[in-house]
Amino acid sequence: MVNFRYKQAQSVNENDFTSFDTLLKKADGYFREKNGLGNDFLGWRDLNVRVDSEEYKRIKACAKRIRENSDVLLVVGIGGSYLGARAVIEYLKTPYHNQLKTGDPEVYFVGNSFSGNELNSVLALCEGKRVSINVISKSGTTTESAVAFRILREYMEKRYGREEAALRIIATTDANRGALLSLAKQEGYECFVIPDDVGGRFSVLTAVGLLPAAVAGIDTDALLNGAVAQREKIFESGINSPVYKYAVLRNIMLSHGKSVEVLVSYDPDFRFMGEWFKQLFGESEGKDKKGLFPASVTYSSDLHSLGQFVQDGSPILFQTICRAATNDADSPVVPFDEENGDGLNFISGMTMDEINEKAMLGTLLAHRDGGTDSVIIDFGGKDAYSLGELIYFFFAACAISGYILEVNPFDQPGVEAYKKNMFTLLGKPGYESGKDELLSEIASI
Ligand code: PA5
């Protein structure tokens with residue numbers, strides 16, 4: 001169950017919501033009827049991978065095989081082709097899952113930068129361990145992941161021979177086109193599909209996220225069921241659902257002159273959910289010179305860095321606090337100390353989770369008093385079902401918020417600009433024009 005509260009957003013009142021009624025109804029229509037901008041990318045809305053689908057059965061069988069024959073899974077992908085999987089694994093298994101010796105394969109994410117250093121480090125971690133690779137790219141041509149995969153393919157073929165390497169490499173890509181698909185067919189890699197109507201940043205509940213998550217031992221049935229349940233709630237409640245309130249609230253904040261939304265969590269395991277959120281909203285709404293800049297922080301750590309700015313700096317932001325119901329059972333308890341040299345006996349007997357909750361409440365009120373508005377998204381707990389609900393909540397909120405903003409939430413034309421210059425500088429065939437101008441500009445940097 002995902003809930004949304006905005007009582008601590010002092011600058012907002014009911015009239016603000018009413019003033020968005022027309023745009024909200026229009027957005028709701030686009031979402032329900034699939035007839036808004038970018039409607040051919042709304043495939044995620046109906047969750048094309050469900051627990052009873054053939055594709056899902058194949059994903060689970062493949063995950064089982066990898067769990068049996070591998071100690072390490074390398075996930076090669078960038079942007080929407082890795083952030084969701086990493087977010088789900090780190091949140092549900094902790095960022096330390098690879099060191100915890102749980103019996104689940106280690107999962108490392110590569111091909112999301114041009115850092116040779118990082119790739120070397122991960123390869124060093126693979127020494128003496130059985131390795132499989134899941135290369136993920138919808139276009140099949142993204143340079144960061146393609147470069148890493150070329151190096152890793154050579155590594156796998158040297159290590160296992162071409163035939164066994166082919167059994168240990170799984171490709172997740174477009175059903176019909178792209179260089180990765182051609183290579184996969186040529187080499188005989190098992191393939192999973194990123195559906196045509198699902199963009200990268202909306203793909204975590206397809207093979208893109210489900211295969212790595214299942215390999216890591218996550219209950220992907222629960223993840224999908226949570227998303228299905230959230231979908232049903234949204235369709236039942238319509239514009240009264242919390243997801244619509246949150247989508248409108250974001251646009252109210254923008255209309256009040258805020259330019260940054262900071263996603264807040266008090267759980268360090270949630271950090272990559274913040275990274276995933278930034279891509280989801282940044283690529284969906286940051287266009288046509290519009291949109292909130294999505295940022296994320298982890299409190300209480302960041303109260304000791306960005307907290308000063310949030311309390312007292314220029315009033316450009318509001319906060320969205322993500323709060324899971326906590327299960328206190330394993331939280332360490334502060335022991336009583338006869339000598340009390342550190343003066344902490346006043347909290348002896350309390351769990352760290354209880355202290356965290358007090359820090360959250362105290363901070364919420366302090367930030368309110370400093371003039372920074374906060375809203376709260378409460379979700380069920382730290383389990384796969386609740387995370388599935390939360391992921392679908394953000395998907396739907398992003399689509400509806402983008403429609404209210406009157407942009408196409410499903411394209412990302414701005415991502416191409418850097419690629420064009422980079423390809424020209426690298427000498428990619430077809431990108432020769434303008435090279436001289438670019439070089440002379442670079443000479444003056
Ligand atoms: O959301 C998106 O579409 C992008 O972030 C892509 O996921 C990212 O650029 C990777 O693209 P591809 O999967 O084609 O390699």
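This is a predicted model: local features need pLDDT of at least 70, side-chain atom pairs count only at pLDDT 80 or more; totals for chains, interfaces and linings use all residues.
Leaving aside residues up to four places away in sequence, I391 touches V88, V204, L205, L223, M273 and W276.

Now widen the selection. I391 belongs to the largest nonpolar core, which has 92 residues; together with F31, W44, W276 and F394, I391 touches the most other members. Next, colour helix α14, residues 384–404: with 15 residues, α14 gives the most to this core. Then colour by domain. At least three core residues come from domain 1 (3–35 + 226–404), and at least three from domain 2 (44–218).

The remaining stops are about the backbone. Most residues other than glycine have a negative phi, and most peptide bonds are trans. Here are some exceptions to find.

Go to L47, in the loop between α2 (21–33) and α3 (54–69). This residue is not a glycine, yet its phi is positive, about 50°. Is L47 buried or exposed? L47 has a relative accessible area of 5%, so it counts as buried.

Move on to K101, which sits in the loop between α4 (83–93) and β3 (106–110). K101 also has a positive phi of about 50° without being a glycine. Its relative accessible area is 74%, so K101 is exposed.

Finish at S300, in the loop between β8 (293–298) and α12 (307–312). Zoom in on the peptide bond from Y299 to S300: this bond is cis, with omega near 10°.

Key:
Residues are numbered from 1 along each chain as its sequence is written. Side-chain values use heavy atoms; hydrogens and water are left out. A nonpolar core is a set of buried Ala, Val, Leu, Ile, Met, Phe, Trp, Tyr and Cys residues joined through side-chain atoms within 4.5 Å. Buried means under 20% relative accessible area, exposed over 50%, partly exposed in between (1.4 Å probe, protein chains only). Helices (H or I, at least four residues) and strands (E, at least two) are DSSP runs, numbered from the N terminus. Domain bounds come from an automatic or database domain assignment. Contact means heavy atoms within 4.5 Å.
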